[in-house]
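Subject: Structure for your review

Dear colleague,

Please find below the structure that I am handing over to you. My notes on what was found in it follow.

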Amino acid sequence: MNRNTQSRRQFLRATVVTTGGIALAGCSNSGGSSADGAGESGGDGGSEPTTEASGGATQTSTVEMTDELTFEPKAIEVTAGTEVTWENVGSIGHTVTAYEGKIPDGAAYFASGDFDSQQAAKDGYGNGQKGNVPKGESYSHTFETKGTYEYYCVPHEMNGMVGTVEVV
């Protein structure tokens with residue numbers, strides 16, 4: 001009985017480790033670039049100073065996408081006309097996808113892969129990981145309309161990978 005119990009534990013342990021590895025591997029991209037590369041560029045490795053804005057948002061135009069499945073910082077504040085760049089500093093691929101109903105009226109929709117709607121971005125990612133920003137690459141968008149923009153990472157939304165841009 002002790003031998004069977006130990007064997008079951010070893011089996012379960014191996015199953016959990018294997019399943020976790022497979023799930024994580026499905027989120028990564030071994031290289032290359034996203035669908036058409038439009039709006040994306042390689043990062044220059046530079047950083048910029050950041051400050052805390054009123055309301056808890058950080059005043060910066062650079063957001064990092066991490067292996068911890070977070071946008072860092074999660075909330076930023078920029079002035080109208082600012083180009084925001086999301087840099088993938090981890091090894092797991094991510095997307096930047098606006099919630100279509102959570103951007104200001106009249107604002108341009110944005111998503112890595114340059115999709116024109118949230119549904120198109122989700123469909124594109126589901127069909128060959130289009131819009132994926134691989135390790136070491138970036139995606140940029142210029143915010144012209146004042147207001148609050150909420151966005152997420154398509155494959156990691158359920159893990160809480162969401163962010164906010166406040167344009168003042």
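How many helices and strands are there in the protein? There are 2 helices and 11 strands, where helices (H or I, at least four residues) and strands (E, at least two) are DSSP runs numbered from the N terminus. Along the sequence, the pattern reads α-β-β-β-β-β-β-β-β-α-β-β-β.

This is a predicted model, in which local features need pLDDT of at least 70 and side-chain atom pairs count only at pLDDT 80 or more, while totals for chains, interfaces and linings use all residues. Residues are numbered from 1 along each chain as its sequence is written, and side-chain values use heavy atoms, with hydrogens and water left out.

Confidence

The average pLDDT, the predictor's confidence in each residue from 0 to 100, is 80 for the protein. A score of at least 70 is reached by 67% of the residues. Over residues 1-6 the pLDDT stays under 50, and the model has 0 contacts there beyond four places in sequence; contact means heavy atoms within 4.5 Å. Residues 11-49 also have pLDDT below 50, but this stretch has 48 contacts in the model beyond near neighbours in sequence. Where pLDDT is low, the predicted coordinates should not be read in detail.

Overall features

Of the 168 residues in the protein, 40% are buried, that is, under 20% relative accessible area, with exposed meaning over 50% and partly exposed in between (1.4 Å probe, protein chains only). Among contacts between residues at least 6 apart in sequence, 63% join residues at least 24 apart.

Strand pairing

Two strands are taken to pair if DSSP finds at least two bridges between them. Strand β6 (residues 75-78) takes part in two of the pairings described here. With β3 (58-59), β6 runs parallel and is joined by 2 bridges; T58 has I76 as its bridge partner. With β11 (residues 162-167), β6 is also parallel, through 4 bridges, and E77 is partnered by E166.

Strands β7 (residues 82-88) and β9 run antiparallel, joined by 6 bridges. Here W86 has Y139 of β9 as its bridge partner. Strand β9 (residues 137-143) is largely enclosed by the rest of the structure, because 5 of its 7 residues are buried.

G56 lies in the loop between β2 (51-52) and β3. This glycine is partly exposed, with a relative accessible area of 44%. G56 and A75 are 19 residues apart in sequence, and their C-alpha atoms are 7.5 Å apart in space.

Yours sincerely
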